Amino acid sequence: MTRSGLTCWLDRLSDIARRRPGAAAVTYADGPTDALPSYTDLTFAELDAWSDALAEQFTADGIAAGTRTIVLVNPGPELYAILFGLFKARAVPVVIDPGMGLRPMLRCLAAVDPQAFIGIPQAHAVRVLFRRAFPNVRATVTVGRRWAWRGRTLASAGRIPNRRAPQHAIPAADDLLMIAFTTGSTGPAKAVELTHGNLEAMLAQTQSMTAVTEDESALVTLPMFGMLYLLLGARIVLPPLIPSQVGATNPLHVVNAINRFDVATLFASPAVLGPLLEHARTHKSTMSTVRAVFSGGAPVPDRVITGLRDVLPDAAQVHAGYGATEAIPMSSIESRELLSGLTDQARGGAGTCIGRPVDGVEVRIIAVDDDPLPRWSQAQPLDVGVGEIVVSGPNVSTRYFWPPEANLIGKIRDGDRVWHRTGDLGRIDSQGRIWFCGRKSQRVGTSSGVLYPVQVEQIFSAVDGVARTALVGVGERPRQRPVLCIELAPGANPVETLAAVRARAAENPLSAEIDTFLIHPRFPVDIRHNAKIGREQLAAWASTELDRHAVVTR
């Protein structure tokens, strides 16, 4: 069934291609990266035709409606052509962060029982080496040179379709669009089902949140937002980056791309924004075209938010976003509001303010409970105090593809509505702002009560000599020993810094009971964003250190 005009969100791409065929859609680095790279444009007409040709070939090869298709491709024009081609063929892309490690990635990909595999040569080498993980893959496409395996290459499909693409039928809102794995950095990776309705909502929310226009350029390091920006008609600019190590992105390349292509909107993880800030300060770089910065993918330190204000135009907005694979986006806060006293509250132990829910998203706080809550009547909503953050809205995924038990643990049914349990702890203040206090699994239960990591850690964020801290619990709840792990700033004096940390701990009731402090040489963090601290690993390390009596106490 179709209707006149745009019948499906996919028709957005074809509509833009008809109206602005020569406009650049993807501007990507295609030259050496040891100096300033050269760039090439892919226009909207070319992207639309290329994805039509791929959809045509995918369908002929059996990659059709419902075919679960692994996509392991570097971010670039090929990735977007492949994703749109799969969507047009009504296949189901399966995307995953290779930064989680080979063995976890193989376990995850095998769990979705894929029928097709599209990837770079290195990805296919893994597929061939571990072929037992992919027994039902019947179609393969190599992006690049094919080695010693069968299958089609991406180039062999061409970039021009043999016939005019049919009008896309209207999918049901709950039809499966794609499967996206969580990173596994804060718990076991899960396969999230995203539907056509979810994407429609993300488009509307991204438009509302960013106010992006079709004549703008946006620099993106997160592919999901690259796809959304393209569907909104904006050009995306892709500087050189390593997908599994976004933090290794050269800030000089980012500054160069911003100024070279008049980038108006920057959407990047803190792993990119932190080095960008330091580079801009050191080299006095100007980025006069930037009107808005959006951070996502991991928590962004206040110092980065405040620092960016110093190196961007006065009118520029800097937004700290909050979201998850299951709910993109959830909330956002602009730097001016954050700097209006909220950072001072954070340093007093209030947690980290992550703003108000975006349009269409409802957020509630429920009492902390580690057990499944299949029905809303079993949950205990809280009007005040810290609890688990749960969200509901049209952009929020309502189920996991795998593992099946994740639906029991992570979802709450409330009539026709489904609440997603984020696993994050927080509270909502009198002005409707959400304050993030840490992960539920990482809370520290002592004989005196419960300590929430992010609340406590923010107390020490302004102590001289401290790069970052992490609160962990040694032992079992509710009799854990709270330990504050400290990563020193470069050149910091350990003795003086420890003394300052102890003094600061004694000043705040939230941290007064902590009497164990350990200096760690370098916190374990997630590979992709270099921001999510591996508190479980730190807790194991702290336990070993305490067993060896190598501990500094008051």
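These are short notes on a predicted model.

1. Confidence. Mean pLDDT is 93 for the protein. Of its residues, 97% reach 70 or more. Residues 1–6 stand apart from that: pLDDT stays under 50 there. The model still gives residues 1–6 eleven contacts beyond four places in sequence.

2. Main core. The largest nonpolar core has 81 residues. Trp9, Phe84 and Tyr229 touch the most other members. Helix 3 (residues 77–88) supplies the largest share of this core, eight residues.

3. Tyr229. Beyond four places in sequence, Tyr229 touches Thr210, Val212, Ala218, Val220, Ala234, Ile236, Thr265, Phe267 and Phe294.

4. Helix 3. This helix has twelve residues. From first C-alpha to last, helix 3 reaches 16 Å, close to the 16 Å expected at 1.5 Å a residue. Helix 3 is mostly covered, with eleven of its twelve residues buried. The buried residues include Leu79, Ile82, Leu83, Phe84 and Phe87. Pro77 and Lys88 are buried too. Arg90 follows the helix, and its phi is positive, near 65°.

5. Phe130. This residue sits in the loop between helix 5 (121–129) and strand 6 (139–142). Leaving aside neighbours within four places in sequence, Phe130 is in contact with Leu102, Arg103 and Leu106. Phe130 and Ala542 are 412 residues apart in sequence. In space they are 36 Å apart, C-alpha to C-alpha.

Key:
Residues numbered from 1 in each chain as written. Predicted model: local features only at pLDDT ≥ 70, side-chain atom pairs only at ≥ 80, totals over all residues. Heavy atoms only, no water. pLDDT = per-residue confidence, 0-100. Contact = heavy atoms within 4.5 Å. Core = buried A, V, L, I, M, F, W, Y, C linked by side-chain atoms within 4.5 Å. Buried < 20%, exposed > 50% of the residue type's maximum accessible area, 1.4 Å probe, protein only. Helix = DSSP H or I, 4+ residues; strand = E, 2+ residues; numbered from the N terminus. Expected span 1.5 Å × (residues − 1).
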